[in-house]
Amino acid sequence: MTAPAPTGSCPHRELNPGPGLHQRLAALREHAPVVQVTLHGRVPAWLLTRAADVERALTDTRLASDDRWLHPTPGQNEGRSSVKVSLMGLDGAEHTRLRRILARPFTPRNIEGFRPRVQAPTDELVDRIEHQPTADLIQDLALPLPLHVICDILGIPPDDRDPVHQLTRRILAPESATQAREHTRDQLRDYLGTHSRHHAATGILAHHGDLTTSELTDAGLLLLMAGHETTTALIGSILQTLLERPAHYQALTHDPSLIPRAVDEIARLHGPVALGVTRYSTADLTISGTRIPAGQRVLLSLGAADRDPARWTDPDRPDLARRSRARVLAFGQGPHYCLGAGLARMEAQTALATLTRRVPHLALAEHTGTPEQPGIFHGPARLPVRLHATP
């Protein structure tokens, strides 16, 4: 067993999102699977990168979601989470009660009922670009589609959607100061509160339990933030991965039945929460021989776990025919498994099915790589394409 030096007295490895993240995570997974890191130059955490450790940690009751368990760290003013939204920061009975209510609209049956509300805007967006020579699939599809869907569900009118999107980006930007993020979050909560009468989920939730006005507003904020930024990143990564391998995209144009498996395989490779989900140690615990004291931030790297060669054969290669019993962790696991995972998958499948059917000769316009989108989610910021490339 190895015991760490007291927090703050030993150097932390700097780790930030961006190009090369998976290579850096792979090196840590092999040589230092439980290690102290610093995020964005200011936030210390313990990082877990092996699939077995991450999977167990996702259901370990000694690792809480509530940051009240975090012990203050000398010299760290950005320690605590500035975005504490509904289910994200709750544990135990309180979390179970709220999740049971909020999960009802996202049952497989209800998600299937959303399909026309996903297909219609997808068709409209593809209509706009189908006959153009070029497009940016992030700005023209991967961003507006999830934003339209979640705003439709929340009853946010079209004229308000771009301002609302800009506010969510401000909250999620890692360089934003805590006070600024709190102020922006309050702006969004106030906005959603004024639209509660038009909240499409309200009527559904009202039949399944009591929610206070504050809880309903927080639920709307959680759905808004997680419901479009993560799905934008996922759709963008799926399209980029396929277009970097034209034979894969063509395979889907010839056999659409491969699309659900392709979405899951690329979610494994390029899940939007690659760096990790955050937990807080409520007691001293030992993981892979390393002791983590109570009161520490612990980062569970879903992206590193989903590329662990101990669990996946040739893990860095997209294989649209892959069949494995291993569990993909891109959407989490356990009590905090992503509520909107089914909706995100359906949106990605719909976007991909519509594109491969209507634009079969899609090709990248640039092969120099694309920058990461700003914020905490892993995905391309732009994806320039030619819509009618020569086969």
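**Close-up 1. Strand E3 is mostly covered.** Strand E3 spans residues 43-48, and six of its six residues are buried. Buried means under 20% relative accessible area, exposed means over 50%, and partly exposed lies in between (1.4 Å probe, protein chains only). Strands here are DSSP runs of E with at least two residues, and helices are runs of H or I with at least four; both are numbered from the N terminus. This is a predicted model: local features need pLDDT of at least 70, side-chain atom pairs count only at pLDDT 80 or more, and totals for chains, interfaces and linings use all residues. Residues are numbered from 1 along each chain as its sequence is written, and side-chain values use heavy atoms, with hydrogens and water left out.

**Close-up 2. Both faces of E3 are covered.** In a regular strand the side chains alternate between the two faces of the sheet. On one side of E3 sit Val43, Ala45 and Leu47. On the other sit Pro44, Trp46 and Leu48. All of these are buried.

**Close-up 3. E3 pairs with strand E2 and with strand E9.** Two strands pair if DSSP finds at least two bridges between them. Strand E2 (residues 34-39) runs antiparallel to E3, joined by six bridges. Valine 37 has alanine 45 in E3 as its bridge partner. Strand E9 (residues 297-300) runs parallel to E3, with three bridges. Here tryptophan 46 stands opposite valine 298 in E9, and leucine 48 stands opposite leucine 300 in E9.

**Close-up 4. Strand E9 also pairs with strand E6.** Four bridges link E6 (residues 277-281) to E9, and the two run antiparallel. The partner of valine 277 is leucine 300 in E9. Arg297 and Leu299 point one way from E9, while Val298 and Leu300 point the other way. All of them are buried.

**Close-up 5. Three strands form an open sheet.** The order is E5-E11-E10, with antiparallel pairing. Strand E5 (134-136) and strand E10 (363-364) are the edge strands, each pairing on one side only. Three bridges join E5 to strand E11 (residues 384-386). Aspartate 136 faces proline 384 in E11.

**Close-up 6. Arginine 268 has its charged end over the ring of tryptophan 312.** The distance to the ring centre is 4.9 Å. A charge sits over a ring if NZ of Lys or CZ of Arg is within 6 Å of the ring centre and within 35 degrees of the ring normal.
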